[in-house]
Amino acid sequence: FVLGFTALFHSSRLLTMVTIVTALTVVVTAARIARHEVATAIAVTIPIVLLCVVTTYACRTVATVSVSDDDHADVDPVTGLLTRQAFYERSATLLGARNRGDDRYLVIAAVTIDTLNAITGIHGPRGANRATVAAGQALRETVRRGSVLGSLNEAEFLVADTFTTPDPTPLGERLRGAVASTPSGITASIGVVTTALGPLTERPPYDVLDDVIARATEAMAQARRDGGNQVHYTFDTDLRS
């Protein structure tokens, strides 16, 4: 059971350690039985060894097959968040699922870490990775269930959601506060854009996303130029043209 569980859900390094412990356990037990009856020791040991080998191989094969290359391609290796392409795909699905009528406004937030260059200079790339992971985790814990969260690069993130009101201020402030409260002491500049979905019914989802993300990125850059650790909002943008 322990070998199978480890093979399914844990790394090869841990599996190797568990295998060594299992082998030692079997050898010691077989040696104790062999003191009294060698034939019994052989009869007990062989089925146990075969069972362990088959179980480990089968579970490891299932774990390997279940994790495809496509799954890895959709996830940023540092933060574990969606890549840009995966973010677009999930956001387009979000727009289609809402049918542009259930929730009336699309909200896109672009987030960048203000002090990542300084952290890299002081703590090196490893420190920058830790700060990026902390920021991504803070954002993941802050966004609503059903929102789409992606990582563009080591310093920038995107959030997509649909609201029933054109005011995204609560979301922007939650995101800013979440990043600022991380133990690494980083802050974020955030640009948030909201636009009505009704007038965009005829436009392809990817075109809508391109426009909104571009405007959110501009707002994010403005927030950073203004000093950082703040949110710049663009309310109810008209994207019909």
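I took two strands as paired if DSSP finds at least two bridges between them. Helices (H or I, at least four residues) and strands (E, at least two) are DSSP runs, which I numbered from the N terminus.

**Basis.** The model is predicted: local features need pLDDT of at least 70, side-chain atom pairs count only at pLDDT 80 or more, and totals for chains, interfaces and linings use all residues. Residues are numbered from 1 along each chain as its sequence is written, and side-chain values use heavy atoms, with hydrogens and water left out.

**Sheet.** I looked up the strand order and found an open sheet of five strands, E2-E3-E1-E4-E5, with mixed pairing. Strand E2 (148-151) and strand E5 (230-234) are at the edges with a single partner strand each, so one side of each lacks a neighbour in the sheet. From one strand to the next the twist averages 15°, where axes are lines fitted to C-alpha atoms, for helices over the stretch in contact, and angles run from 0 to 180 degrees between N-to-C directions.

**Pairings.** I then went through the strand pairs. Strand E1 (residues 105-113) pairs with strand E4 (residues 188-196) in the antiparallel sense over nine bridges, and Val107 has Thr194 in E4 as its bridge partner. E1 also pairs with E3 in the antiparallel sense, over eight bridges; there I noted Glu156 in E3 as the bridge partner of Thr112. The pairing of E2 and E3 is antiparallel too, over four bridges, with Leu149 opposite Val159 in E3. A hairpin of four residues joins E2 to E3.

I checked contacts (heavy atoms within 4.5 Å). Helix H6 (residues 116-142) packs on the sheet and touches E1, E2 and strand E3 (156-163), its direction making about 155° with that of E1. Helix H7 (residues 169-180) lies across E1, E3, E4 and E5, and runs at about 155° to E5.

**Shape of H6.** A straight helix of 27 residues would span 39 Å, but H6 spans only 21 Å between its end C-alpha atoms. I located a bend of about 130° at His123, with Pro125 following within four residues; the bend is the angle between axes fitted to the seven residues ending there and the seven starting there.

**Burial.** I used under 20% relative accessible area for buried, over 50% for exposed and partly exposed in between (1.4 Å probe, protein chains only). The buried residues of H6, among them Leu116, Ile119, Ala131 and Leu139, pack against E1, E2, E3 and H7. Asn129 is in H6 and is partly exposed, at 34% relative accessible area. In E3, seven of eight residues are buried.

**Cores.** I took a nonpolar core as a set of buried Ala, Val, Leu, Ile, Met, Phe, Trp, Tyr and Cys residues joined through side-chain atoms within 4.5 Å. The largest has 26 residues, and those touching the most other members include Val111, Phe157 and Ile190. E1, H6, E3, H7, E4 and E5 each supply at least two residues of this core, and H6 gives the largest share, six residues. Looking at Val111, I found among its contacts Leu139, Phe157, Leu175 and Met220, with residues up to four places away in sequence not counted. A second, separate core of 22 residues includes Tyr88, Leu106, Ile108 and Leu197.

Conventions:
The expected span of a helix is 1.5 Å times one less than its number of residues.
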